[in-house]
Amino acid sequence: MKEDNKKMMEQVLGCPQTRRQFLKGMAAAGVMLSMPGGILKTLKAEDFNIEDEITYGGPYQVFRNACPRNCYDTCSFKTYVKDGIVQFIEGAPESTFTDGALCVKGNSYWREAYSPDRVKYPMVQEGRGTGKWRRVSWDEALDRISKKILEIKAKDNSLLGLGLTKYSGNFGITNYGVEGMMSSLGYTTRFIGTPCWPAGIDAQNYDMGNMWCHDPEDLVNAKYIIIWGANPAWCSVHSMQFVYEAQKKGAKVLVIDPVFTQTAAKADEYWQVKTGEDGALALGMARHILDRGLVDRDFVMKHAVGYSEFEAYLKEEITLDWAAEKTGIPAADIARVAEEFATADPASIWIGYGMQRHVNGGAMVRAVDAVVAMTGNIHKVGGGARYGHLYTWGFNYHALIQKQPEGSVGFMGKVGPKGEFDFTKEKAAYSDRTVNINQTARSILETNDPPVRMLWVACKNPFSQDFDLNMMKKAFEKLEMVVVIDKFFNQTAEQADILLPVATQFEQWTVNVSYWHYWLGLNEQAIKPMYESKSNIEIASALSKKMNQLEPGSCTFPTDINTEEWMAKEFNQGIHDLFGINSWKDLREGPKKAKLASPAAWHDKKFSTPSGKYEFKSKLAEGNGHDAIPKYKKNRDPLAPLRLLTPHSKFSLHSQFQQLDTMEDFNPEPLVYIHPQTAQSKQIEDGEMVKVFNKVGELQVKARLTDNVPQDALLIYEAWFNKNDFNVQVLVDDTSSDMGAFKTGAPGVAIHDQFANIQRV
Amino acid sequence: MSTEDQLSQAAFFRDFFLAENRFQMEEICHPYLENNKLPKPTDNKWCELEFAFNRLFVGPRSVIAPPFASVYLEPESYVMGETTQSVRKLYHLVGVSSPWEGRIPDDHISLELDACLKFHHAIEETEYSPLIPVYNYFLKDHMSLWVPAFLQKIEQAVDVPSLIGRISCELSLWLQNECEWLTTTRVRIPESHILNEERRI
């Protein structure tokens with residue numbers, strides 16, 4: 001009997017027709033649950049008649065969404081929703097870049113929305129790091145925050161004591177409303193710059209006047225591809241199809257990387273360059289190209305300036321043997337590849353962000369650019385020094401650009417751009433106070449008059465991603481209030497006073513573009529925000545409401561916003577023309593690609609430099625304290641016997657995604673990767689617990705032996721593990737890279753110029 | 001155990017697992033403590049109770065005992081999957097729906113206990129009710145499959161205040177009593193009235 005009942009009910013619940021039949025019976029019997037009170041509400045009679053429409057029947061609703069992560073691929077995808085629940089997602093087939101497929105991270109997105117571990121409600125912690133969390137209403141959370149902001153203003157006569165650290169946790173354009181919210185409160189302290197790619201941005205600006213890269217789909221046209229310090233097989237999986245296609249058509253692919261990556265495994269040739277000596281390698285190649293008479297004389301004479309000085313430098317200072325000694329790559333190999341590259345037509349180099357995270361990173365990118373330029377490849381279809389672009393980012397930044405309340409007092413001093421995405425071109429008597437995002441801890445400790453009293457953290461996890469954990473802990477002790485906005489608990493949330501739940505991309509309207517490909521993707525709200533989560537601009541709006549309740553006129557952010565309208569306000573004629581659309585609504589049919597005059601950047605050889613030409617010699621660079629020409633710049637002196645590399649893992653993006661149980665299945669525990677010979681010299685066996693230590697700090701971790709890493713290096717993937725307090729930032733200091741301040745307001749950070757020692761525990 | 005007791009207990013459990021803070025908890029637990037002649041916890045104890053409650057059921061860290069059926073019944077521990085959707089269908093089938101559809105999973109313990117209340121009440125009111133097979137399924141083939149696993153997580157957790165431990169044990173007992181009530185005190189499960197259309201008409 002029991003089994004029969006179960007079977008029957010499963011049939012009723014599983015089959016719409018049987019259910020309809022059953023419902024008729026229920027209604028006829030008049031037994032609807034009509035007990036008053038309680039939570040569950042009685043459905044109205046008319047709801048029964050259209051039962052299959054209000055619930056689980058009918059086709060899927062399909063929404064357009066975009067991956068908002070800081071990733072080359074910025075995939076557009078389709079979200080299939082039934083009964084208000086995401087059922088599955090798939091890559092947008094309309095995009096020739098995404099080509100209907102997502103990566104393992106993208107495919108896991110429904111898990112983010114529906115993880116039982118999401119931050120669900122505003123929470124207040126009684127003592128940072130104590131784990132004593134109380135659930136509060138939005139009203140109470142915003143009341144506490146607003147009162148603190150007003151207290152700071154009263155105390156300091158400005159809001160410079162309120163700091164914002166935000167980066168790329170969500171690249172949806174409306175999320176710049178977080179910066180907008182800060183402006184709408186007054187002049188504040190901003191952690192500016194970027195930990196990602198600033199040295200390379202400056203380098204390309206010195207050389208070409210802007211950072212602009214070829215369409216990655218154009219890689220198929222290359223006859224020779226060098227992937228230099230990038231690992232697209234992990235970090236840009238969709239780009240690999242174009243690399244393979246080029247290979248199939250006969251192109252040779254060389255990967256240059258200190259680590260034998262998955263991309264290296266797919267290449268025709270792999271060079272394990274000595275870390276931080278890529279500049280020497282490029283200059284060695286340049287010297288050989290010059291010696292063999294393979295320079296594109298027409299290009300360097302007509303479309304470049306300063307080539308003769310560069311040539312003189314190569315002749316005087318650079319030899320193949322010197323390059324071989326510096327880089328560990330045999331001179332014969334350098335010579336052979338230099339010739340192959342210079343004679344392949346066209347030839348292209350993909351410059352990875354890893355390469356510029358060094359004290360000489362910008363100089364190295366300039367040297368690589370020079371190889372591409374002197375061989376006449378910089379502007380050619382199938383050529384290019386591919387690094388990144390912001391060509392498609394010309395939105396209105398409606399959410400970002402907000403006006404300070406009347407009478408706001410701010411900072412008076414030198415101002416520059418607030419990061420690479422600063423489109424405000426702010427000009428005012430006062431400004432925000434800017435400090436280096438790559439030295440968050442140091443900046444908090446050293447900034448005074450007034451000190452940073454309150455920190456707002458959004459789209460960022462500084463405890464997991466920023467440098468020198470011990471210093472960060474000390475810095476947080478100085479803060480009077482920490483507000484963290486996140487989807488999941490993490491090491492920064494652990495140090496928050498107030499934690500606010502933020503909506504996933506399924507739960508908000510926004511629009512996304514890439515810094516690599518040229519597609520534009522709509523992000524529609526597909527489902528209601530789960531629990532009490534809100535998008536960043538909804539949080540800003542709610543905060544403004546509370547601020548104005550407490551002190552009228554204290555915040556200018558609109559208090560009543562429609563997020564769909566705010567998304568629409570980001571569009572303008574420039575975007576419409578670039579993408580060939582009449583309205584954002586056209587994007588409901590699928591992502592659209594920019595109408596490019598050519599797949600090649602700089603195709604008309606008109607550069608954005610002061611001279612209008614490619615600048616082997618840059619006065620701007622010189623004026624900013626760098627070598628005018630791409631000279632060899634020495635790497636950082638070792639501080640310990642082994643180099644320490646801390647890239648992010650295949651299955652996470654910094655701390656994002658790693659908290660999902662499936663990702664932890666793949667990457668269940670932290671490991672330090674060590675070359676077998678190095679391990680042997682330290683008497684370390686595979687699987688053994690070891691101590692990794694340097695002047696910054698130390699940690700204990702399990703050793704994994706692999707000859708994928710060089711003998712002189714240790715590699716630990718950066719990640720946050722849910723049930724493990726491991727944090728690699730305890731070993732990484734905040735030393736700056738050479739460039740970045742010119743275009744992003746602060747220098748980059750030498751993440752890969754770190755050193756450590758290792759021993760058995 | 002009288003029906004009235006069963007119902008008031010269900011309402012207590014429902015409200016307890018929805019409590020937002022210690023003040024609500026205190027208010028919800030007040031009659032329960034009185035009835036059971038339990039000492040009133042101090043303010044400090046209520047604070048500890050609130051922190052423990054959030055560690056177990058709310059967050060913001062990974063919750064120790066997620067109060068959602070799907071976490072225990074699905075091959076992977078996520079919400080809003082087949083289990084949630086099936087529970088929602090079952091609610092709709094008997095004429096009710098969650099006011100939080102799409103925001104809070106329909107298979108949250110408190111929503112399910114609220115459904116139990118309504119089932120129990122409605123079945124009490126009628127001699128013969130087509131609700132019985134539905135409730136029978138909900139109670140025995142659904143709640144009995146996950147609630148014990150949920151309660152076990154509470155039991156196995158460290159630093160669980162005794163009041164939460166006690167409530168957890170009583171909920172386990174309540175579930176057994178409710179199953180028994182449905183099986184013995186009331187009618188036999190009627191033969192399917194829907195699969196055999198002729199008989200029903």
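Which residues is Ile173(A) in contact with, leaving aside its neighbours within four places in sequence? The points below take up this residue and several other parts of what is a predicted model.

1. Ile173(A). Leaving aside its neighbours within four places in sequence, Ile173(A) is in contact with Trp393(A), Phe395(A), Tyr397(A), Thr510(A), Val511(A) and Glu570(A). Ile173(A) sits in the loop between β7 (162–166) and α8 (177–185) of chain A. With a relative accessible area of 1%, Ile173(A) is buried, because buried means under 20%. The C-alpha atom of Ile173(A) is separated by 10.0 Å from that of Trp566(A), although the two residues are 393 residues apart along the chain.

2. Asp215(A). This residue also belongs to a loop, the one between α9 (198–208) and β9 (224–228) of chain A. Its relative accessibility is 4%, so Asp215(A) counts as buried. The side chain of Asp215(A) makes a polar contact of 2.5 Å with the side chain of Lys593(A). Not counting residues up to four places away in sequence, Asp215(A) touches Lys593(A) along with Arg386(A), Tyr518(A), Leu596(A) and Pro599(A).

3. The three-stranded sheet. Strands β19, β20 and β21 of chain A form an open sheet in that order, with antiparallel pairing. At the edges stand β19 (510–513) and β21 (592–593), each with a single partner strand, so one side of each has no neighbour in the sheet. Strand β20 (residues 519–523) of chain A and β21(A) run antiparallel and are joined by two bridges. In one of these pairings, Leu520(A) has Lys592(A) of β21(A) as its bridge partner.

4. The eight-stranded sheet. A second topic is an open sheet of eight strands in chain A, ordered β6-β5-β18-β17-β16-β7-β8-β15, with mixed pairing. Its edge strands are β6 (133–135) and β15 (433–436), each of which pairs on one side only. On average, neighbouring strands of this sheet are turned by 20° against each other, direction ignored. At the β6 end, strand β5 (residues 123–125) of chain A runs antiparallel to β6(A), with three bridges between them. Val124(A) stands opposite Arg134(A) in β6(A). Helix α3 (residues 43–58) of chain B lies across β5 and β6 of chain A, at about 80° to β6(A).

5. Strand β17 within that sheet. Is β17 (residues 481–486) of chain A largely enclosed or left open? Six of its six residues are buried, so the strand is largely enclosed by the rest of the structure. Both faces are covered: Met481(A), Val483(A) and Ile485(A) are buried on one side, and Val482(A), Val484(A) and Asp486(A) on the other. Strand β16 (residues 454–458) of chain A pairs with β17(A) in the parallel sense over five bridges, and Val457(A) has Val484(A) as its bridge partner. Strand β18 (residues 498–501) of chain A also pairs with β17(A) in the parallel sense, over four bridges. Ile485(A) stands opposite Leu500(A) in β18(A).

6. Helices α13 and α15. Helix α13 (residues 278–291) and helix α15 (residues 307–317), both of chain A, pack at an angle of about 100°, and their axes are 10 Å apart. The two helices are therefore roughly perpendicular to each other. From α13(A) the contact is made by Leu283(A), Ala286(A), Arg287(A) and Leu290(A), and from α15(A) by Tyr307(A), Phe310(A), Glu311(A), Tyr313(A), Leu314(A) and Lys315(A). These residues divide into seven nonpolar, no polar and three charged.

Technical notes
Residues numbered from 1 in each chain as written. Chains lettered and ligands numbered in written order. Predicted model: local features only at pLDDT ≥ 70, side-chain atom pairs only at ≥ 80, totals over all residues. Heavy atoms only, no water. Buried < 20%, exposed > 50% of the residue type's maximum accessible area, 1.4 Å probe, protein only. Polar contact = N/O pair within 3.5 Å; in protein donor to acceptor, adjacent residues only side chain to side chain. Contact = heavy atoms within 4.5 Å. Axes fitted to C-alpha atoms, helices over the stretch in contact; angles between N-to-C directions. Parallel < 35°, antiparallel > 145°, perpendicular 65-115°, else oblique. Nonpolar A, V, L, I, M, F, W, Y, C, P; charged D, E, K, R; others polar. Pairing = 2+ DSSP bridges.
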